[in-house]
Amino acid sequence: MSESVQTFFPSREVARRANIKNMCEYQDLRLEAEENYEGFWDRLARENIDWFEPYNKVLDEANAPFYKWFTGGKLNVAHQCLDRHLKDRKNKAAIIFEGEPGDKRVLTYLELHYEVNKTANLLKNKFKIQKGDRVVIYMPMIPEAAITMLACARIGAIHSVVFGGFSSEALRDRVIDAKAKMVITADGAYRRGKPYLLKPMVDEALKEGCECVESVLIVERNGQDIDYVPGRDYVYNELVENESPVCEAEPMESEDPLFLLYTSGSTGKPKGVQHSQAGYILWAQMTMKWVFDMKESDTFWCTADVGWITGHTYILYGPLAVGGTTVMYEGVPVYPDAGRLWRMVEEYKVDQFYTAPTLIRLLHKVGADEPAKYDLSSLRILGTVGEPINPDAWMWYYDTIGGSRCPIVDTWWQTETGGHMISPLPGATPIKPGSATFPLPGICAEVIDEEGNKKAPGEKGLLCVTKPWPSMIRTIWGDPDRFESSYFSAAKVDGKPVYFSGDGAVYDEEGYIWITGRVDDVINVSGHRMGTAEIEAAIGNCEKVAEVAVVGKPDALKGESVFAYVVLKGEDTLIKEMDVVQEINKVITKEIGPIAKADAIKFVPGLPKTRSGKIMRRILRSLAKGEEITQDVSTLEDPTIVDKIQASMKE
Ligand code: WT7
């Protein structure tokens, strides 16, 4: 945050036709929520969800922080996303898919409805998947990822999508933790012009401890040769053809789990974030209307992978819940060149484009001249998510991609929040490059201290949400204690624990919120969230490694990079360098995936620890940045260690 930031006002063209046109309309919504919180959510839920049976309570706080919303109500999320649109939009494009090789597929609402129903019948009839069963989906970015997710929702199975870039071991952990009955995958997909394989990763994952998995369903995407385990493995494409396109949508309770999505925390193993049916879909839908200003004729494109929450909420559930058209792209954004995405924006006349700062920086760096080759005039709103956006990237996005006419919605949220929490509204909020601006109506996000006092402008504090909201995480799958201790133990307001995000933030003089980044041991590499503890555990598996500490180092392209301090076993330091470096990255790739590979590995004689043995990461973060160490090091177990580390880093 700097004094000199410029403010950009919504253009007349955008504001005039926006769903929320100005600050007055925005204030009306905010005040409505402030004056009658439950009444506000009650109105939205009644107006926006097609209930099978009405709820009898808006918010149940009896068992806080295990809040319940819209209890007693029944609905079905696949019905909400498909069936209710068949009356007015059956022939409207629901999904526009483009494969990396250039193959295209457009699914209308009616076609998608058929495919989802056939798949739902297949899961139910052949594989005996029932309400509440967990289904792991390990898929490339192809329409069948969306179809199988919606098929689960239709029959009440709980999907757990695992990002296709995760390793077989990471996949195995998630299968076991969720006790999944089935895994849905593909033979492979296309990346960088070449076919790559997914199915062998599943085979590897299921080798140990996955007795819960009864069947594996394989979507044929690139026809590569893969192994089939008889009695366990089935080809989707053949089987699904025999199923009926009629499948009743299972009436679900508002609070039944809709999906699990694993994410990294500051300790040990990933957490299975559990989301609900009604609260989740309501907020996905509202934020599509408010933040992305979705209109009937709009084509919306979110470039995330369905394996992340952004893909769940803003490729699939949000756009379809509002009856919109969503674009899905299989491959890498710079294939065959850095103009690929802009070519697609032109071709599909994309209205809203939503991506991550890391991709904006990459496309700026490797393809600054590309946007000029395409007609980007269809764009109306640009969005960003995942990490704070730096002013340079912001300005390029705003001027070059948006033609200085499209507001940028910098949306702050998390896997746990289900949907946007802090974001501008494109027709109403004056924006400042790098600020997510204000909480959305109904969302009580505040920057406070541990006792719940609101921070003054310029003072860093904890970014908390002080009232429950409908799309919030319900629990950590199988670990309610960890849910409470991870999210409800850092701050209290009026003596009551409130949700803490793990992020720090600060207000400016005008009350704009600026996210300063994680305050826990979670790092953000190219918009991928990783626990330093997870990476440390992987590196610790290398035979030659005695001790390891991982920190995030600011990186111009990726936001943060993985920086590892490694203490080798024994005196023999000659074995270090290249072979250990390779081994370390091999083990990270095996246990987590290539996204977690270390960008820098420094061999050091020891780690800075307090006398009680706690590693002083703050010192390590400063050293990684090359900063002067200003902290008092005299309380360290070995006060000379900082100098020694510095000396070894210069070698
Ligand atoms: C963390 C959540 C939910 C979207 C994808 C990431 C960081 C997210 C912003 C933003 C600054 C942001 C936070 C947050 N983050 N959006 N607009 N500005 N930081 O989801 O993997 O659950 O990560 O991403 O640090 O806690 P996630």
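The shell around the ligand, in this predicted model, is made up of 6 nonpolar, 6 polar and 5 charged residues (Ala, Val, Leu, Ile, Met, Phe, Trp, Tyr, Cys and Pro count as nonpolar, Asp, Glu, Lys and Arg as charged, and the others, Gly among them, as polar). Since the model is predicted, local features need pLDDT of at least 70 and side-chain atom pairs count only at pLDDT 80 or more, while totals for chains, interfaces and linings use all residues. Residues are numbered from 1 along each chain as its sequence is written, and side-chain values use heavy atoms, with hydrogens and water left out.

Of the 17 residues around the ligand, those that come nearest are Asp-410, Thr-411, Thr-415, Asp-503 and Arg-529 (a residue is near if one of its heavy atoms lies within 4 Å). A nitrogen atom of the ligand lies 2.7 Å from a side-chain N or O atom of Asp-410, and a ligand nitrogen is 2.8 Å from a polar backbone atom of Thr-411. On its own the ligand has 560 Å² of accessible area, 95% of which the protein covers (Shrake-Rupley method, 1.4 Å probe).

Elsewhere, attention turns to a pair of helices (DSSP runs of H or I, at least four residues, numbered from the N terminus). The axes of α3 (residues 37-48) and α11 (residues 278-290), lines fitted to C-alpha atoms over the stretch in contact, with angles from 0 to 180 degrees between N-to-C directions, come within 10 Å and cross at roughly 90°. The helices are therefore roughly perpendicular (65 to 115 degrees).

How values were computed:
Helix = DSSP H or I, 4+ residues; strand = E, 2+ residues; numbered from the N terminus. Parallel < 35°, antiparallel > 145°, perpendicular 65-115°, else oblique. Polar contact = N/O pair within 3.5 Å; in protein donor to acceptor, adjacent residues only side chain to side chain.
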